Amino acid sequence: MLGLMQTSPLLISSIITHAARHHARAEVVSREIDGRIVRTTYAALERRTRQLARVLLALGVQPGDRVATLAWNTARHVEIYYAVSGIGAVCHTLNPRLKPDIVSYIANHAADTVLFVDPSLTGLIETVAESVAGTIRTVVVMADEDHMPPVALAPGMQLLCYETLMAAADADYVWPVLDENTASGLCYTSGTTGLPKGVLYSHRSTLLHALSVNGADGLGLKARDRIAAFLQMFHVHAGSIPFLAPMAGAALLLPGRFLDGPNITALMNDERATVGWGVPTIWLGLLRYLDEIGEKLPTLRRVVVGGSAVPRPLLVRLEHEFGLEVQQNWGMTECGPLGTYNQPTAQHEDLEEDAKLDLQVKQGRALFGADVKVVDDAGRELPWDGVSAGALLIRGLWVIRNYFGPDAAAGAGPDGWFDTGDVATIDADGFVQIVDRAKDMIKTGGEWISSMELEAIARQHPDVDDVAAIAVQHPKWMERPLLVVVPKQGRTPGTAEVRAHFKGKVTDWSLPDAVVLVPELPLAGTGKVDKRALRERFALHLLTGEEAAAAGE
Ligand code: AMP
């Protein structure tokens, strides 16, 4: 038909090409492994990305192959995001905080062929080398020759140096025109049963997500912004910041492995950040540090928070003491990641302070391209009255259809609605508020702990008859695991000995913080343990050492 518009596919390479052409001098600033600040520009980064594409091809990476990263937020990691997806391969971000056996499970499940590793994380590769040698043949350390650590790999695996490979590669590569539904990125989500499942993003889903999130009622980055990315690039593309910033031409500030108060303050203040995005634990830690040294954040204007609910006192302090605008969003690995973003509507303009805060602690409204609803146990949609709570379902242009590979039987329903495992209300203006969690997990400082795994280990303790692992509130980590134990007759297992029983079976950060003894566990109507009741009863246990009821909640 005459008169149609152009139909070029939605490709990730177009983001970095755009940044290099139209925001050539905008900066990418990273804190390197040794703490040095290194700066580059989008023009220089894009050129290196094309060199890296040549490196990948020379290593034999084929379209569709999974190329893994085990790395912090650095410019090299951004280069890998673009080069791998740009040639039609899949960038698979591994989480270095997981137990080594889970890391190797995921690498084998994904059938990663090449692994890029940050020099500070090579110890983990040495630990898993034998168990991943069947799939990963090449390990590239993201450093120059001067910073190459000694790394012992398994026989048959080759060890290479990133900058040596780059120095030998031409930048004459031309990004291919791929089908926009080509897979581009792979992220694993923590499974409630202990085994993670993969979510495979496409060029199309990534691009549409970034376009929508960067809308005015979303992140709305501008070319004059400088965004500090404190979300990890090994978690759901760091909220997509490595795509959002170059798309807008905003400077990208990357903290490397340094997420402590002094380093993130220095990164934001020295590098004139205007926006910072991180999980609540990051901002809580930052405030503790700023309180100690009495420093402010003179250039920062906006704090974006997601991953866990924003505590009201955090919001109040950031807004009132630091004069910052705080914006919450909600997302998950299965939806690329953002589904909602909290910006007020016209109805909220004249709200009193308290009512405004009531609104800001909500998770926000659906972004264009995503739709949400809450349903009862029978799957019937509940009214948008801000009170009726039910399972939160989402569907949209960047929402999962099926999990990756052998787990493809699970995913969204035939109508596209995906059950998030969160329990929420939606108000008349479409603001979603998470009120509980149906998935049996504990989210601590942005990382997941499986309740079932903790319970299975606790049951092996000779004094434990029955047990429930639940999330309780924590001032720094938002949630920590508490074990509610029914002891065997005449036994009184204490926190220290139960924790000792867990040592070595889970990562140190997964150890339960405390043990409380109860004569029996409450049961819900279905005959299962009523975790909701337990969560309510012990919510404040770590804050007050008492049950919520006793604290007058
Ligand atoms: P993940 O897949 O690891 O990104 O975790 C996604 C889950 O984190 C969601 O399903 C929620 O349970 C939780 N989550 C993310 N953002 C928020 C938020 N703003 N408030 C409350 N929970 C959140």
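Trainee: In which sense do E23 and strand E24 (residues 478-487) pair, and over how many bridges?

Mentor: E23 and E24 pair in the antiparallel sense, over 10 bridges; two strands count as paired if DSSP finds at least two bridges between them. This is a predicted model, in which local features need pLDDT of at least 70, side-chain atom pairs count only at pLDDT 80 or more, and totals for chains, interfaces and linings use all residues. Residues are numbered from 1 along each chain as its sequence is written, and side-chain values use heavy atoms, with hydrogens and water left out.

Within the antiparallel pair of E23 and E24, Gln473 stands opposite Glu479, a residue of E24. Both strands belong to an open sheet of 3 strands, ordered E23-E24-E25, whose pairing is mixed. Its edges are E23, covering 464-474, and E25, covering 514-517, and each of these pairs on one side only. From one strand to the next, the twist averages 30°. Strands (E, at least two residues) and helices (H or I, at least four) are DSSP runs, numbered from the N terminus.

A helix lies on this part as well: H13, residues 451-459, lies across E23 and E24. The helix runs at about 140° to E23. Axes here are lines fitted to C-alpha atoms, for helices over the stretch in contact, with angles from 0 to 180 degrees between N-to-C directions; contact means heavy atoms within 4.5 Å. E23 is thus an edge strand that pairs with E24 and has H13 lying across it.
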